[in-house]
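These are my notebook entries on the structure shown below. I looked up its cavities and then one of its sheets.

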Amino acid sequence: MADKVLMKGNQAIAEAAVQANCEFYAGYPITPQNEIPEYMSKRMYDLGRVFIQSESELAAINMVFGASAAGARAMTSSSSPGISLKQEGISYIAAAELPCVIVNMVRGGPGLGNISGAQSDYFQSTRGGGHGDYRLIVLAPSSVQEAYDLTMNAFDLADIYRNPVMILGDGYLGQMIEPLELKEYKKPANLPAKDWALTGCKGRKPHVVKTLYLIPPELLIKHNIHLQEKYGRIKKEFCLYEEAETKDAELIIVAYGIAARVCKGAVLKARKEGIKVGLLRPITLWPFPEKIISDLADKAKRFLVVEMSMGQMVDDVRLAVNGKKPVEFFGNAGGWMPSSDMILDKIKELKL
Amino acid sequence: MAAIGTAEIVHAVNRGENLTFIFVNNAVYGMTGGQMAPTTMLGQKTTTTPYGRETKEAGYPLRVSEMLATLDGACYIERCAVNNAANVIKTKKAIKKAFQNQIDKKGFSIVEVLSQCPTNWGVTPIKSNEYIEKEMMKIFPLGVLKDKGN
């Protein structure tokens, strides 16, 4: 039985990275994720691994690019405005098919916004974020324990698919303290060898890690088709979600992360009053659990999407429901957080 | 301006933009909770240098004002401090001069101000004034580094 400790979400993510043999961390301070670099500055130093406080977010993501190209398990973390700055590097890493973990503890935007938790980076995360046709695997934990567990998975997924993986949390999750079981990292058996890494080519053919495909033009078309095939494979093989009380539900609430936890409370309250409502919580935001939502749309009467944004994931829910049932939205931005009673009122307002 | 804005400040100075820049140097990132800054002193403990800043991992305290003073586009650069009343008066004069340069369209002025951060340094305000005097001024000496405005 593993130890239970009290930890902040940010610290849990940092410790999970350490456990998952992250060898390289680079980051630049920004609230509300500072506990990650602070924790890493001590833990990585003590273990003789690399911690670098870079001069900027651009530097940090490009350091991760380099470390990953050299075969190291690498991570960076930031919060919304800092993640925007990293987008050029993220596009390059995706193009070069390098594994890495990027943590975004989302805060209110746009611009510098504020330092409250928010969910307004959904579009940026699930559509790639930078230039070009690429996708990140996006994992959205809703508790400190899940943040810990998913961070470990993130490193494995990154290595298996040679793709950047994003942990999409928010300021509340990062600052929240909860009991945490410090599970041991178990290396999966199917981790591929990094036979592409730049480790010195003495005695072998050089490996090439690149993102520029100028001549002939067909090369870049071919590379994009190859990337799309990989994203298709990921979509086929991997999708996580949680269902609660959905079996006989007439109303399905779809929410992720911290908002989903509040919604779960509202669902349980509504059930006590005999209202047939259930919750679907996407854990992977990309790949998006579209099949289960489509299946639920055959049975349920209506959907309610709750987000701490002005409505972003709701687009994906509407695509998955595909006009079969009405999809309502309830949300607000700028650090707004719903209470379970607010959600309950909304459920009643929809008059099932 | 010593980290995330280094590229931009160099080129703003190099173009001789008509701006006044007040650079508060308290050797940490105070607003985000006391992480290491490029101007953190060697050996100084911060939340991201828990064992004290070491050159191997984190390099040296960066003297941005000296660096920018080498640029032809710079008009006036002075380093001041606010650790005692006399230095506060000097700082006010320097800032006034910088703004006057800007009004007179003389170009880029920078006033670097060595400042306290007792909260993140974990010392009393009095001790933080002593730290500026005894430690910071050794690495960041006060004085006019450039003045072509006269």
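I first noted that domain bounds come from an automatic or database domain assignment. This is a predicted model, in which local features need pLDDT of at least 70 and side-chain atom pairs count only at pLDDT 80 or more, while totals for chains, interfaces and linings use all residues. Residues are numbered from 1 along each chain as its sequence is written, chains are lettered from A and ligands numbered from 1 in the order in which they are written, and side-chain values use heavy atoms, with hydrogens and water left out.

**Entry 1: cavities**

I searched for cavities (on a 1 Å grid over the protein atoms alone, sets of points where a 1.4 Å probe fits but cannot get out; lining residues have an atom within 4 Å of a point). The structure has two of 30 Å³ or more.

Where does the largest cavity lie? Domain 1 (4-181) and domain 2 (242-349) of chain A both contribute to its lining, so the cavity lies between them. Among the lining residues I found A:V106, A:D170 and A:Y256. Strand β7(A) gives the most, with three residues; strands (E, at least two residues) and helices (H or I, at least four) are DSSP runs, numbered from the N terminus.

The second largest cavity holds about 30 Å³. Helix α6 (residues 144-161) of chain A supplies the largest share of its lining, three residues. By class, I recorded six nonpolar, no polar and three charged residues there (Ala, Val, Leu, Ile, Met, Phe, Trp, Tyr, Cys and Pro count as nonpolar, Asp, Glu, Lys and Arg as charged, and the others, Gly among them, as polar).

**Entry 2: a sheet in chain B**

I then traced an open, mixed sheet of four strands in chain B, in the order β1-β5-β4-β6; two strands pair if DSSP finds at least two bridges between them. β1 (20-25) and β6 (143-147) of chain B are at the edges with a single partner strand each, so one side of each has no neighbour in the sheet.

β1(B) pairs with β5 (residues 108-114) of chain B in the parallel sense, over six bridges. I noted that B:N25 has B:L114 in β5(B) as its bridge partner.

Helix α4 (residues 85-103) of chain B lies across β1, β4 (74-81), β5 and β6 of that chain, at about 165° to β4(B). Axes are lines fitted to C-alpha atoms, for helices over the stretch in contact (heavy atoms within 4.5 Å), and angles run from 0 to 180 degrees between N-to-C directions.

How values were computed
1 Å grid on protein atoms, 1.4 Å probe; cavity = no way out; pocket = protein on both sides within 12 Å on 5 of 7 lines; lining within 4 Å. Points joined across faces, edges and corners; volume = space filled by probe spheres on them.
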